[in-house]
Amino acid sequence: MTDTMQAVLPDAYPRLVWGELPRPVAGPGQLLVRVRAAGINRADLIQAAGHYPPPPGESAVLGLEIAGEVVATGEGVSGFALGDAVFGLVPGGAYAEYCVLDAALAIAKPAALGWAEAASLPEVWMTVWLNLVELGGLRAGQRLLVHAGASGIGAAAIQLGKRLGAEVLTTVGSVEKGAWCTTLGADRVIHYHDEDFVDVVKAAGGADLILETVGGDYLGRDQQCLNRDGSIIVIGLLRGTKAELNVGLLLVKRQRVQGSALRSQTLDAKARTAAAVAEHVVPDIASGALKPSLDRVFAASDAQAAHDYVAQNRNLGKVVLIFD
Ligand SMILES: NC(=O)c1ccc[n+]([C@@H]2O[C@H](COP(=O)([O-])OP(=O)(O)OC[C@H]3O[C@@H](n4cnc5c(N)ncnc54)[C@H](OP(=O)(O)O)[C@@H]3O)[C@@H](O)[C@H]2O)c1
């Protein structure tokens with residue numbers, strides 16, 4: 001192994017340009033992973049545009065999730081050995097030949113999953129587990145509204161919502177996306193270009209939990225179709241960072257609005273969520289009971305084309321970079 005590697009160069013953002021960077025070193029409790037695949041997330045596009053810096057001290061290279069082989073282990077690592085096939089969430093650095101992964105977040109890759117499928121899992125499944133189960137407390141018989149149902153997050157949220165016994169409604173921007181969400185289990189697809197989601201959700205009896213993936217002006221509208229004691233969990237800002245809420249409605253209906261970000265959670269908190277996903281989700285994905293919802297795979301060298309595809313809202317589920 002040389003001391004350098006190929007990686008997407010932070011200095012060239014917003015363009016994705018490959019070049020040479022120092023290879024990272026596994027610190028205490030960390031694995032050094034030869035990256036075979038890296039998942040793409042909307043957050044990567046926002047970071048490349050200069051709006052979502054990595055947490056202090058973390059790699060400025062893009063990318064939040066990887067799958068690959070362990071090539072070195074840091075001090076104090078147990079449970080993983082050289083050559084193990086793993087996948088997991090990273091705070092940055094995935095668009096590179098090598099990436100460090102905290103052993104506490106590493107999940108053994110089932111043989112039934114390919115590299116690309118494995119790399120597509122950590123960010124979306126940990127996010128939806130955190131927000132629907134840990135924060136949202138979603139229960140059987142409740143009604144869940146998921147915005148952007150055909151996004152990577154949306155596809156996982158629809159499936160987890162159904163798994164938990166909820167009725168799931170979801171908004172989508174095209175007929176093709178709507179049909180796909182129905183195959184994932186959505187009970188009602190709302191074509192937001194043609195229908196007002198507030199009317200549809202109200203007619204269905206109101207939402208108990210809303211996974212707000214796009215933010216902005218949707219928040220005020222969410223409130224109008226949120227039931228008494230219901231919650232809106234805000235995880236995205238694609239429609240902007242400003243929202244107008246009706247404080248009267250908030251108070252009278254005892255509504256909750258909670259912001260949530262996986263990336264800024266402590267390592268311990270992320271490790272608990274990773275363990276829950278490894279136990280409750282990964283075996284069902286490996287068996288086919290849950291779908292990884294992998295849409296397209298791009299060669300890592302085509303990272304820019306992959307970002308353009310996602311920026312144009314063309315993806316149904318996840319897009320992944322695959323390395324030679
Ligand atoms: N806070 C967290 O911890 C966390 C973690 C992961 C992701 N997220 C957020 O969750 C969201 C989904 O992420 P992802 O990576 O799964 O996204 P993605 O696969 O890139 O999909 C995003 C989808 O959102 C819809 N969309 C885009 N702009 C929109 C707009 N202005 N109004 C309404 N819908 C719009 C589009 O679908 P249509 O064509 O159907 O409109 C688009 O395909 C993002 O906002 C992301 O930042 C947050």
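**View 1. Pro14 lies in the loop that runs between β1 (4-8) and β2 (18-22).** Here the peptide bond from Tyr13 to Pro14 is cis, and its omega is near 10°. This is a predicted model, in which local features need pLDDT of at least 70, side-chain atom pairs count only at pLDDT 80 or more, and totals for chains, interfaces and linings use all residues. Residues are numbered from 1 along each chain as its sequence is written, and side-chain values use heavy atoms, with hydrogens and water left out. Helices (H or I, at least four residues) and strands (E, at least two) are DSSP runs, numbered from the N terminus.

**View 2. Pro28 sits in the loop between β2 and β3 (30-40).** Pro28 is exposed, at a relative accessible area of 66%. For the burial words: buried is under 20% relative accessible area, exposed is over 50%, and partly exposed is in between (1.4 Å probe, protein chains only).

**View 3. Helix α3 (residues 122-135) is largely enclosed by the rest of the structure, because eleven of its 14 residues are buried.** Among the buried ones are two tryptophans, Trp125 and Trp129. Pro122, Glu123, Val124, Met126, Thr127, Val128, Leu130, Asn131 and Leu132 are buried as well. After α3 comes Gly137, with a positive phi near 55°.

**View 4. Helix α5 (residues 175-184) has Lys177, Gly178, Trp180, Cys181 and Leu184 as its buried residues.** Looking down the axis of α5, these residues fall within an arc of 165°, so they line one face of the helix. That arc is taken from the directions from the helix axis to the C-beta atoms. As a reminder, an α-helix has 3.6 residues a turn, so residues three or four places apart point the same way. Over on the other side of α5, Val175 and Glu176 are exposed. What do the buried residues of α5 pack against? Their partners are α4 (152-163), β9 (167-172) and β10 (188-191), where contact means heavy atoms within 4.5 Å. Gly185 follows α5, and its phi is positive, near 120°.

**View 5. Ser293, in the loop between α10 (282-287) and β14 (294-299), is the next stop.** Its phi is near 55°, a positive value in a residue other than glycine. Buried or exposed? Ser293 is buried, with a relative accessible area of 7%.

**View 6. Asn313 is found in the loop between α11 (303-311) and β15 (318-322).** Asn313 isn't a glycine, yet it has a positive phi of about 60°. Its relative accessible area is 44%, which makes Asn313 partly exposed.

**View 7. Zooming back out, the chain has eleven helices and 15 strands.** Its C-alpha trace spans about 60 × 35 × 35 Å along the principal axes. A compact globule of 324 residues would have a radius of gyration near 20 Å, and the chain agrees with 19 Å; that radius is taken over C-alpha atoms, and the globule rule is 2.2 Å times the number of residues to the power 0.38. Of the 324 residues, 52% count as buried. Among contacts between residues at least 6 apart in sequence, 66% join residues at least 24 apart.
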